[in-house]
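Reader: I would like to learn how to read the features of a model one at a time. Please give the general idea, then the case at hand.

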Amino acid sequence: MKISEKVIRETCLLRKAIRELLLKNPEGLAKKEICTFLITHSKYSGTRRNLESQTSSILQTLVDQKKIEIRDGRIFSISP
């Protein structure tokens with residue numbers, strides 16, 4: 001598998017995990033809570049700093065797509 005294919009695959013998996021996590025937590029989560037959960041409950045092999053960066057990018061994309069919203073520092077799913 002090429003490196004770019006691997007990155008795309010891992011990003012898609014991370015995006016899916018974030019969406020599922022938010023759907024299971026209707027009270028919303030802080031970005032730090034999302035990252036902590038992903039670090040402790042996944043096979044993510046990068047650094048925490050890299051995960052936080054990727055998570056921020058994915059969250060911004062989801063906001064732009066109107067799939068999530070951020071209120072008072074908490075992130076909520078607004079569409080399945």
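Author: Glu10 is partly exposed, at a relative accessible area of 37%; the term covers values between buried (under 20%) and exposed (over 50%), with a 1.4 Å probe and protein chains only. The model is predicted, so local features need pLDDT of at least 70 and side-chain atom pairs count only at pLDDT 80 or more, while totals for chains, interfaces and linings use all residues. Residues are numbered from 1 along each chain as its sequence is written, and side-chain values use heavy atoms, with hydrogens and water left out.

Reader: With which residue does Glu10 form a salt bridge?

Author: Side chains of opposite charge can pair when their charged atoms come close. The cut-off for a salt bridge is a side-chain nitrogen of Lys or Arg within 4 Å of a carboxyl oxygen of Asp or Glu. Here Glu10 pairs with Lys6, and their closest N and O atoms are 4.0 Å apart. Both residues belong to helix α1 (residues 3-23), four residues apart, about one turn of the helix. Helices (H or I, at least four residues) and strands (E, at least two) are DSSP runs, numbered from the N terminus. Lys6 is partly exposed, at 45% relative accessibility.

Reader: How many salt bridges does the structure hold?

Author: There are four. Another one joins Arg48 and Glu52, with the closest N and O atoms 3.1 Å apart. These two lie in helix α3 (residues 48-64), again four residues apart, about one turn of the helix. Arg48 is partly exposed at 32%, and Glu52 is partly exposed at 30%. Arg71 and Glu69 also form a salt bridge, at 2.8 Å from N to O.

Reader: What is the volume of the largest pocket, and which residues lie nearest its centre?

Author: A pocket is found on a 1 Å grid over the protein atoms alone: an open set of points where a 1.4 Å probe fits, with protein on both sides within 12 Å along at least five of seven lines, and lining residues have an atom within 4 Å of a point. Grid points are joined across faces, edges and corners, and the volume is the space filled by probe spheres set on the points. The largest pocket has about 450 Å³. Its lining has 18 residues, and Glu10, Leu13, Leu14, Lys43 and Tyr44 lie nearest the centre. Helix α1 gives the most to this lining, with nine residues.

Reader: Which residues touch the most other members of the largest nonpolar core?

Author: In soluble globular proteins, nonpolar side chains tend to be buried together. A nonpolar core is a set of buried Ala, Val, Leu, Ile, Met, Phe, Trp, Tyr and Cys residues joined through side-chain atoms within 4.5 Å. The largest core has 14 residues, and Ile18, Leu22 and Ile34 touch the most other members. Helices α1, α2 (31-41) and α3 each supply at least two residues of this core.

Reader: Where is Lys66 found, and what is its phi?

Author: Most residues other than glycine have a negative phi. Lys66, in the loop between α3 and β1 (68-71), has a positive phi near 60°. Lys66 is exposed, at 62% relative accessibility. Asp72 also has a positive phi, near 50°, and is found in the loop between β1 and β2 (74-77). At 82% relative accessibility, Asp72 is exposed.
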